[in-house]
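Subject: Model handover

Hi,

Here is the model I promised to pass on. Please look it over first; my notes follow below.

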Amino acid sequence: MAIVFIPSQLQKLTGTAQVEVEGDTVRAVVEQMEKQFPGIQQRLFEDDQLSPTLQLSVDHVMTRALSTSVTPSTEIHFLPVIGGG
Amino acid sequence: MSTEVAPDTQTPATYKVIGTRPVRHDSADKVTGKAVYTDDLHVPNMVFGAFVRSPHAHARIVSIDTSDAEKMPGVLATCTSADLPDPWDKVDNLGEGCVNYAHLSGNVLARNKALYKGHAVAAVAATDSYLAQEAARRIRVEYEPLPATMCVQDAMRNDAPLLHDELITHTLDDKPARPSNIASHIQFEKGNVDEGFAAADVVIEREFKTATVHQGYIEPHVSVALWNEDGRLKIWTATQGSFVVRQQMAELLKMPVSQITIVPCEIGGGFGGKISVYEQPVAAVLSRKCGRPVKIMMQRDEVFEATGPTPASFMRVKLGATKDGKLTAGKAWLAFDAGAFPGGVIGPGAMCVFSCYDLPHATVDGFDVVLNKPKTQAYRAPGSTHVAFATECVIDELAERLKIDPIEFRLNNAAKEGTRRVDGPVYPRVGLVECLQAIQESDHWKTPLTGPNRGRGVACGFWFNCGLKSSVTANVNADGTVTLVEGSTDIGGTRTSIAMQLAETLGITAEDVIPQVVDTDSVGFTDVTGGSRTTFATGLAAHEAALDIQKQMVEQAAQIWECSPDEVTVADGVYQGNGKSLSFKALAVEADKVGIPIVGRGVVDPQCSTNAFAVNLVDVEVDPETGKVTILRFTVCQDAGKAIHPSYVEGQMQGGSAQGIGWALNEEYFYGDDGHMRNASFLDYRMPTCYDLPMIDTIIVEVANPDHPYGVRGVGEVPIVPPPPAIANAIYRATGVRFFELPMSPPTVWNAIKGQTTGE
Amino acid sequence: MKTHVTTTINGATVEFLCQPRQSLLAVLRDELSLTGCKEGCNNGNCGACTVMLDGLPVDSCLVLAVEAEGAEIETVEGIAEQGHLHPLQQCFLEGAALQCGICTPGFLVTAKALLEKNPQPSEQEIRFGLAGNLCRCTGYDKIVRAVQAASQASPES
């Protein structure tokens, strides 16, 4: 279970800004979201991986690993990737 | 007084090495001219390459004829995009941002169309560099010029000339049906922005523009490539990240990474501009074709016109606040120029626009827009300087309208631990409040500014800083010193700041560590020197390696002293056990006689932002006759987490500030109607000189980063962020005119003052 | 066609052959392996290639190598003497007056020329004297302080 913050451009699929979703990893959460809100996975994934233009914020961890484990209090955010100077 | 550490924030731990100021390990080489930069290499049998570049901002390439050039005696090979493997439309993550290899390949050598003036179209190798230049002029390229689009607002229009016929806006929303120049659209929403503005007593909305600026490193891009007969490719190059160059080369040339060795030479500045490849693949192909090592060094006009400056922007920022000085809502609309290919710095720009404040309600829309300028790249806190200019000027205007002191207003609303950013995540412990308070306590703030045409301004800035992958190995030598092998190219003293962390952990001196930056065959994968990550992440790897060494030393001590490792204790670099005691160095000497070699290993991939904040306080004087702005006094305060080597932390703060001052006051790409940059030289692209600046006073705040054993945050990038708005706010107080466009160069300021006095 | 040039570099007589179009910078670096002077712009704007030519600091990219005939040249390689760093070099490294280091040789040559002419310069005189050398890393603060420190350490004071 995790709290997913839905990017505003996807909220028309979910109707809300946050959803609580079952799953032990980010991948499981997204797959579960897909069941609830069909079409959301293809907006976030490319070739079964996180879209290369996105990164995840899972609590304080910035990652692209879909295997990152989550707990019921975990917040998942989908953010643009950042390049530094 | 140049240096102070704000007393309330000093970390309680006392260190022996960290926080001291040893002479850096490479400085004798660098003050005697012995340090070897890429252009200093003369590889045996080396020849020289030169580029043919598009004279048009946008043109179809009809034909390329290299035959005349190839007939010249001494000309050994030519190269066009046809010599590069067909690119694949693969988007890859380079640790720092992502890259589409089809676009990268097309930027290295134009395919079908030249998309900006200076776009590389062909290249040639010859026995000397003058001959190569002459041969380049003999390569005949037939162009069919196309209409160009040069500014973001124009490029976004429906009737704008398209750069890429197939470009569909990337968005999480429904994709548009028609191609356009809008490469991506990012959106964030927090709360309900309409409610937020309804609750405000004052709402201010302004439009801002900033010009294209360049990182301005003094060393031009330069590489030597040697494609050997056995199929192995070796490249000596000036880069921020040798492994990232290897990865790009492998993808562009479709060869395994193991066939490629990247040797990072000393690097003469980067600031985000030496991550992407430009001349490296071309030098490699020329070397393959002529069988000799090929050096390509760009001229300065090529660096300006054909590498990766940072974007021009158009921004609209609206903020609301209550009469008691609480921000209620914010709205930002940001369009950044990506240059000729998608993938500018709009993402972090959109994430940073309100990152200094606790805003209950906000929306942010960000657009990445392609146009006929060079592909933009990161430049020190990429995107954050643009948006800080917009937000911090509106914040200043709000504070003035509400008659609240500008620092108090910021303190009222400052982001702190627990603040939810507009893009979603919640801050851990951060130091913005401490920085603002340190500025309030500074001698500068407490000394009133007097005199005509003078004004004082303040502004804040934020940058994420990243972690990413770093590897080091550390070999204990027979004399008790440690050789530290690392993959992070050293642009500003990181050999030493990393070595100091290893020394602190082991209880030896910084001088007892011998740091070496090595090639991609000699150390584990290491991400770029960028993202303010090197002292943090590679330092963390060095700390891990030191712990690994310590464990092995304990085992050896146990063997020597004939006791169990559990009975050996270590404190301050002294090993004790079985009634005996030896310093690290003495134990290393003993261990060398009896044991196996001691090699420490540190590999890390910290996945966190280390969250840097900076605050500027600046006094200016504006000459009403010329519009010239003189910086009278400048203070930068920054949360470093823990300053490992304070001199080099100050150096980052001062250098970043100077770049921000240049961006604020003078630096810009001037484009003619033909899309040609009119000022592609250091004479006309006016970077600050020594004579333009005062001393830059620094206040280091230390709010320890919980994700690092010594509390380190990155320090490199954030100091460039606050200067433009701090200076704009100071100029306003000096002249009564608010500026919404960068740079605030003498003609701009003079015209505005004149407009004010004549009522225009 | 190459031209024969005889010159003095860092106290020693040096002869070289050069093309008439070659700059002094190109010859120092490419023919004589004196790579301490750097090429930053090749048009006289950054100062990274500064050398002393007959007692005056010049951008060696703006001097033709053939003009060096009979001249006395001093490069960054000649500043340290017999294994001892010059006080300026010492002050640069102790004062952290360099980051990437590419501009450092040019600054050292210019600063040495400045201190030889004016052993006790004011801050403004230092800033004016060094204005022909660009540094993009440091913001100049520590460079100016290093020159100040060297001026105080010099025997003239």
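Chain C has an average pLDDT of 96, and 97% of its residues score at least 70. pLDDT is the predictor's confidence in each residue, on a scale from 0 to 100. For the complex, the predictor gives an ipTM of 0.98 and a pTM of 0.97.

Some conventions. This is a predicted model, where local features need pLDDT of at least 70 and side-chain atom pairs count only at pLDDT 80 or more, while totals for chains, interfaces and linings use all residues. Residues are numbered from 1 along each chain as its sequence is written, and chains are lettered from A and ligands numbered from 1 in the order in which they are written.

Chain C

Across the boundary, 13 residues of domain 1 of chain C are in contact with 11 residues of domain 2 of chain C. Contact means that the C-beta atoms of two residues, placed from the backbone, lie within 7 Å. On the domain 1 side, strand 3 (residues 50–53) of chain C gives the most, with 3 residues. Helices (H or I, at least four residues) and strands (E, at least two) are DSSP runs, numbered from the N terminus. By class, that side of domain 1 of chain C has 8 nonpolar, 4 polar and 1 charged. Ala, Val, Leu, Ile, Met, Phe, Trp, Tyr, Cys and Pro count as nonpolar; Asp, Glu, Lys and Arg count as charged; the others, Gly among them, count as polar.

One backbone point in chain C: Ala96(C) has a positive phi, near 55°, and is not a glycine. Ala96(C) sits in the loop between helix 2 (87–94) and helix 3 (104–117) of chain C. Ala96(C) counts as buried, with 27 C-beta neighbours inside 10 Å. The burial rule is 20 or more other C-beta atoms within 10 Å for buried, 12 or fewer for exposed, and partly exposed in between, with C-beta atoms placed from the backbone.

Chain B

Chain B is divided into domain 1 (1–12 + 428–459 + 611–760) and domain 2 (467–604). Their C-alpha centres lie 38 Å apart. 15 residues of domain 1 of chain B are in contact with 14 residues of domain 2 of chain B. The largest share on the domain 1 side, 3 residues, comes from helix 18 (residues 646–665) of chain B. That side of domain 1 of chain B has 7 nonpolar, 6 polar and 2 charged residues.

Helix 4 (residues 129–138) of chain B has Leu131(B), Ala132(B), Ala135(B) and Ala136(B) as its buried residues. They line one face of the helix, because they fall within an arc of 140° seen down its axis. The arc is that of the directions from the helix axis to the C-beta atoms. These buried residues of helix 4 pack against strand 2 (47–53), helix 2 (67–71), strand 4 (75–80) and strand 8 (120–126) of chain B.

Two backbone points in chain B. Most residues other than glycine have a negative phi, and most peptide bonds are trans. Asn611(B), not a glycine, has a positive phi of about 55°. Asn611(B) lies in the loop between strand 26 (599–604) and strand 27 (612–622) of chain B. Asn611(B) is buried, with 26 other C-beta atoms within 10 Å. The peptide bond from Leu742(B) to Pro743(B) is cis, with omega near 0°. Pro743(B) is in the loop between helix 19 (723–735) and helix 20 (746–757) of chain B.

Chain A has 3 helices and 7 strands, in the order β-α-β-α-α-β-β-β-β-β along the sequence. Its C-alpha trace spans about 40 × 25 × 25 Å along the principal axes. Buried residues make up 40% of its 85 residues.

How many residues of chain B touch chain A? 39 residues of chain B are in contact with 22 residues of chain A. Strand 10 of chain B gives the largest share of the chain B side, 4 residues. That side has 18 nonpolar, 13 polar and 8 charged residues.

Best wishes

Definitions and conventions:
Domain bounds come from an automatic or database domain assignment.
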